[in-house]
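Welcome! Please take a look at the sequence and the structure below, and then let us walk through a few places together.

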Amino acid sequence: MRSKAKIISDINFLGVVAVIRADKPEQVVPLCEALVKGGVSILEVTMTVPDAVNVLKNVIKAVGQHAIVGMGSVLDASMARAALDAGAEFLVSPITKVEVAAAARSAQRVCMLGAYTPTEAQLAHTSGADFVKIFPADNLGPGYLKALRAPMPHLKMVPTGGVTLENAADFIKAGAAALGVGSSLVSKEILRDSNWAELSRLAGEYARVVREAKGA
């Protein structure tokens with residue numbers, strides 16, 4: 001198991017968190033393999049995937065040596081404990097749920113708590129979240145992150161929802177530590193066709209755009 005410090009460092013450095021939602025649990029391992037092949041190795045399997053806990057275990061078994069695998073859509077302490085027991089290296093909640101951060105902290109794992117307002121963002125931070133998931137970010141935009149960072153530069157923000165190849169660099173330049181990328185990466189079309197080659201290609205594009213933006 002990687003150390004908490006190593007996970008935080010890798011998320012900051014790599015900058016792309018793939019948010020994985022799929023109706024067919026058997027697709028999750030091959031799509032994760034495709035993401036890693038393309039250069040995206042921070043993988044958030046969500047609780048909305050059928051049989052999510054066992055799927056998480058299978059993903060860790062398949063790609064855990066080459067990727068950091070966590071659980072998303074964690075809404076309470078019981079979900080958090082189930083994910084941690086299954087081997088999740090980080091937890092992500094779409095809401096500012098303090099008990100999720102507490103569970104992650106007790107297990108020495110990384111936590112992202114969701115926030116929409118400045119008050120929620122600061123509460124997530126003071127509650128022990130290592131990152132603050134700004135969600136949904138599509139109606140907020142990069143300018144919102146820049147505005148938040150002016151009075152609260154200590155926040156490590158991960159905008160999620162509405163992140164695309166076209167705006168990814170702008171979010172990074174506005175101060176995002178990383179990006180949560182869901183349906184614009186693991187799209188309905190890719191899932192429908194099991195087009196893992198296209199997923200690898202797209203993952204490579206996201207990795208490149210974020211790497212270049214962080215370099216700039």
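This is a predicted model: local features need pLDDT of at least 70, side-chain atom pairs count only at pLDDT 80 or more; totals for chains, interfaces and linings use all residues.

Let us start with open space. Rolling a probe the size of a water molecule over the atoms shows where empty space is left. In this model, the largest pocket has a volume of about 490 Å³. Its lining is made up of 23 residues, and those nearest the pocket's centre are Val 19, Arg 21, Gly 182, Ser 183 and Val 186. Two elements give two or more residues to this lining: strand 8, at 179–181, and helix 9, at 188–193. Helix 9 is the one that gives the most, with 3 residues. Sorted by the classes above, the lining of the largest pocket holds 10 polar, 7 nonpolar and 6 charged residues.

Now move on to Lys 173, which you will find in helix 8, spanning residues 168–173. Is Lys 173 buried or exposed? Its relative accessibility is 58%, and since exposed means over 50%, Lys 173 counts as exposed. In sequence, Lys 173 and Val 210 are 37 residues apart, while in space 9.5 Å separates their C-alpha atoms.

Finally, a look at the rings. The structure holds 0 aromatic pairs. Phe 135 does have a charged neighbour, though: Lys 133 lies over the face of its ring, 4.8 Å from the ring centre.

Definitions and conventions:
Residues are numbered from 1 along each chain as its sequence is written. Side-chain values use heavy atoms; hydrogens and water are left out. On a 1 Å grid over the protein atoms alone, a cavity is a set of points where a 1.4 Å probe fits but cannot get out, and a pocket is an open set with protein on both sides within 12 Å along at least five of seven lines; lining residues have an atom within 4 Å of a point. Grid points are joined across faces, edges and corners, and a volume is the space filled by probe spheres set on the points. Helices (H or I, at least four residues) and strands (E, at least two) are DSSP runs, numbered from the N terminus. Ala, Val, Leu, Ile, Met, Phe, Trp, Tyr, Cys and Pro count as nonpolar, Asp, Glu, Lys and Arg as charged, and the others, Gly among them, as polar. Buried means under 20% relative accessible area, exposed over 50%, partly exposed in between (1.4 Å probe, protein chains only). Rings of Phe, Tyr and Trp (its six-membered ring) pair if their centres lie within 6.5 Å; planes under 30 degrees apart count as stacked, over 60 as edge-to-face and the rest as tilted. A charge sits over a ring if NZ of Lys or CZ of Arg is within 6 Å of the ring centre and within 35 degrees of the ring normal.
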